[in-house]
Amino acid sequence: LLWLKSGATVTGIDISSEAILKATENVQGTEYESRAHYTEMNAEDMDFEDSSFDAVVGNGIIHHLDLNACYSELARVLKPEGGAVFMEPMGHNFLINLYRRLTPQMRTEDEHPLLEADIDLAKKYFHEVESVPCNFTALAAVPFRSTPLFNPLVNLLHGLDKLLFTIPVLRRQAWFTVLTMRHPRKVV
């Protein structure tokens, strides 16, 4: 709703018909209904015309996809000055990877948290690629999520993370990255 509230026209896709139904129901009968369009579609093979969008935004999506197909489609559907922003899990941190191995029931088979090589691959499809690490020590706040300490602790730890991420080797240890890709290349 954030984008709709700011005045944007939103086109949402998901491979799940249930997700599309839920998104559609969320805007039905609201002032945003006419500017929100949701459709079931594979992000690796989208039905949109070339250069259709100013921006593409997603959260926890591309680590489920074939990256060459995904990046290629993103570059194709974005306008020349367009950009994409995704929040995605990273795959370098030993402890987080151990947790992932110990909790396979919480994941799907197609998940592959991003590695630096996956981010570098985006440079084949975009002139500008930026990866901003998120959440390193902030994970320590999780046990406190149902307490009044949670928000102040998260804020403190996010500040610490920001400081720690000035050290290049620690950037790889982030749990997530905000991946920004701008100015698509026309790859043939």
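Colleague: How far is the sulfur of Cys-70 from the closest cysteine sulfur?
Modeller: This is a predicted model: local features need pLDDT of at least 70, side-chain atom pairs count only at pLDDT 80 or more, and totals for chains, interfaces and linings use all residues. Residues are numbered from 1 along each chain as its sequence is written, and side-chain values use heavy atoms, with hydrogens and water left out. The closest cysteine sulfur to that of Cys-70 belongs to Cys-134, and it is too far for a bond, at 18 Å.

Colleague: How many disulfides does the structure hold?
Modeller: A disulfide is a covalent bond between the sulfur atoms of two cysteines. Here the term means a pair of cysteine sulfur atoms within 2.5 Å. The number of disulfides in the structure is zero.

Colleague: Which cysteine sulfur is nearest to that of Cys-134?
Modeller: Cys-134 is in no disulfide. The nearest cysteine sulfur is 18 Å away, in Cys-70.

Colleague: Is Cys-70 buried or exposed?
Modeller: Buried means under 20% relative accessible area, exposed over 50%, and partly exposed in between, with a 1.4 Å probe and protein chains only. The relative accessible area of Cys-70 is 3%. Cys-134 has 18% and is buried. At its 3%, Cys-70 too counts as buried.

Colleague: How many aromatic pairs does the structure hold?
Modeller: Rings of Phe, Tyr and Trp (its six-membered ring) pair if their centres lie within 6.5 Å. Planes under 30 degrees apart count as stacked, over 60 as edge-to-face and the rest as tilted. The number of aromatic pairs in the structure is four.

Colleague: What kind of pair do Phe-48 and Phe-53 make?
Modeller: Their ring centres are 4.9 Å apart. Their planes stand at 85°, so the pair is edge-to-face.

Colleague: What kind of pair do Phe-136 and Phe-165 make?
Modeller: The ring centres lie 6.2 Å apart. The planes are at 45°, so this pair is tilted.

Colleague: How many residues apart are Phe-136 and Phe-165?
Modeller: Phe-136 is in the loop between strand E5 (126-134) and helix H6 (150-164). Phe-165 is in the loop between H6 and helix H7 (168-171). Helices (H or I, at least four residues) and strands (E, at least two) are DSSP runs, numbered from the N terminus. The pair links distant parts of the chain, and its separation is 29 residues.

Colleague: What is the relative accessible area of Phe-136?
Modeller: Phe-165 counts as buried, at 7% relative accessibility. Phe-136 is partly exposed, with a value of 23%.

Colleague: Which residues does Asn-135 touch, not counting those up to four places away in sequence?
Modeller: Asn-135 sits in the loop between E5 and H6. At 14% relative accessibility, Asn-135 is buried. Contact means heavy atoms within 4.5 Å. The residues touched are His-158, Asp-161, Phe-165, Ala-174, Trp-175 and Phe-176.

Colleague: In which sense do strands E1 and E2 pair?
Modeller: Two strands pair if DSSP finds at least two bridges between them. E1 (residues 10-14) and E2 (residues 36-40) share five bridges. Among them, Val-10 partners Ala-36, and Ile-13 partners Thr-39. The sense of the E1 and E2 pairing is parallel.

Colleague: What is the average twist from one strand to the next in the four-stranded sheet?
Modeller: The open sheet has the order E3-E4-E6-E5, with mixed pairing. Its edge strands, each pairing on one side only, are E3 (53-59) and E5. The average twist is 10°.

Colleague: Which residue in E6 stands opposite Met-87?
Modeller: Strands E4 (residues 78-89) and E6 (residues 176-184) run antiparallel, joined by seven bridges. Opposite Met-87 stands Val-178.

Colleague: At about what angle does helix H3 run to E4?
Modeller: Axes are lines fitted to C-alpha atoms, for helices over the stretch in contact, and angles run from 0 to 180 degrees between N-to-C directions. H3 (residues 67-77) lies across E3, E4, E5 and E6. Its angle to E4 is about 145°.
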